[in-house]
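Keep the viewer open as you read.

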Amino acid sequence: MNLQNMKKSLITVVGIGPGSMEDITPAVMAALQSAEVVIGYKYYFQFVKPLLLPDAVCIDTGMRKEQERAQEAFEQAETGKQVCVISSGDSGIYGMAPLLLEMQKERKSNIEINVLPGITAFQKAASLLGAPMGHDFCVISMSDLMTPWSIIEKRIRAAAAADFITAVYNPKSEKRYWQLNRLREIFLKEGRSPETVVGYVHQAGRTDEHAVITTLSDLDIDDIDMFTIVIIGNSQSFVSNGQFITPRGYYRDKEQETEGKKIGQQIMIESFKTIAKELKDASIPLDRKWPLLHAIHTTADFEMEQLLLVDNKATEDMHRAVTGGRCKTIITDVTMAASGIRKGALSRLGVEVKCYLDDPRVAPMAQQLNITRTQAGIRLAVEEHPDAIYVFGNAPTALMELCQLMRNKKANPTGIIAAPVGFVHVCESKHMVKTFTQVPKIIVDGRKGGSNLAATLVNAVLTYDDAQQLLPGRDL
């Protein structure tokens, strides 16, 4: 817009940027330099005084006087004066422009209103942090002066669930001290990782600005005030060389070529987030939640929330035994269960999976003793690996055999995953194993189970160190 057109506008609403002179646009500077009357919140006049005409009339008011300022602007403009109304940041984003346009309609005024944009506080903060707004984002104000908190909370929940980068205005004040903590709580409940990158800038563009990059879990709410902009990254945001970056996806194809597993892992991550949001009980302990998410992901059966039984710290204890070197063998009842355990995880941890079903000693033993082949396989396994982790996804008789060997003090498993499936002896076998309270167990109660389910529960144990960040699929 040129200066001639600008003079025709009797009220010009301008965004003066976050506070520094270099962040004021040339169009806004021109409007301020030609204004006869300048109206705004008194705190902001310090940033524009050098630009004003010597005889310009400055009308400043305190906070929460927006309507009075707008009314004054119309009254001054109606006398034929060139009026400039200032807003911090952008004039239309939490600024005076919407109110003036509303008032123009209410007054049925023929006063022309010209709106000039400015650099917003979140744009300035983002530039100081790096490039956090590189993909889809939203902006939420935590001020409940004009908007009920119930509506703000809905918007927070939607932003978190949709994986938006989220800029937070008015995060905290003297009276509003708890809302930012509630926002964090909602983001975590909606599946955001505690390691999500968060940046905040105090007094962006002003003398005492300072910027901090942290994580969602480590965000120091006591360091936040009314003059702070908080930016919460999305699931792809990361920190590199001290810069907060949210990628647009330009390197995605290259990553897929060199690390083909990334697509599958990302799908699994999104699936786990969906499952977590649909659980009836959001407060499930992580030690149970992690195998539960795996079980539901494998079966698409939310009844697992009732059926999956996990002994206290069973997942953690079995994971610690494997990663600590105390247990390096996993025994499965059938080969199908063994085939579903991720080879990448086994290789990474130095763990061997064995199934004795096809061992040449099994068939003669089963025939001689009149027992099933899976029972014979478990007998042989216990002779060679009495302290392995035992996994059952098919054969209840094999689980019953292990229980008998444990009663006879011949087996002392590091852990048991019990998920045999079917109608004969299935429930009984699970009731039997429940009695061994000293052994960490993960049990799929009732008739349901299966080799694929047993395998995914093993995978949950092997990757338990990824549970806190909700990052499944590392070894896909």
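1. Start with Phe47: this residue is buried, at 11% relative accessible area. Bear in mind that the model is a predicted one.

2. Tyr41, Tyr44 and Phe227 belong with Tyr43 and Phe47 to one aromatic cluster. Across the whole structure, a search turns up ten aromatic pairs.

3. Now look at Tyr94 and Tyr169. Their ring centres are 5.0 Å apart and the planes meet at 55°, so this pair counts as tilted. It ties together distant parts of the chain, 75 residues apart: Tyr94 lies in the loop between strand E4 (83–87) and helix H4 (97–107), while Tyr169 is in strand E8 (residues 165–169). Buried or exposed? Tyr169 is buried at 10% relative accessible area, whereas Tyr94 is partly exposed at 47%.

4. On to the nonpolar side. The largest nonpolar core holds 43 residues, and Met304, Ile330, Ile417, Ile442 and Leu462 have the most contacts inside it. Helix H19 (residues 451–462) is the top contributor, giving eight residues.

5. Ile442 is worth a click. Leaving out residues up to four places away in sequence, its contacts include Pro291, Leu308, Met318, Ile417, Leu457 and Val461. Thr315 is also among them.

Technical notes:
Residues are numbered from 1 along each chain as its sequence is written. This is a predicted model: local features need pLDDT of at least 70, side-chain atom pairs count only at pLDDT 80 or more; totals for chains, interfaces and linings use all residues. Side-chain values use heavy atoms; hydrogens and water are left out. Rings of Phe, Tyr and Trp (its six-membered ring) pair if their centres lie within 6.5 Å; planes under 30 degrees apart count as stacked, over 60 as edge-to-face and the rest as tilted. Buried means under 20% relative accessible area, exposed over 50%, partly exposed in between (1.4 Å probe, protein chains only). Helices (H or I, at least four residues) and strands (E, at least two) are DSSP runs, numbered from the N terminus. A nonpolar core is a set of buried Ala, Val, Leu, Ile, Met, Phe, Trp, Tyr and Cys residues joined through side-chain atoms within 4.5 Å. Contact means heavy atoms within 4.5 Å.
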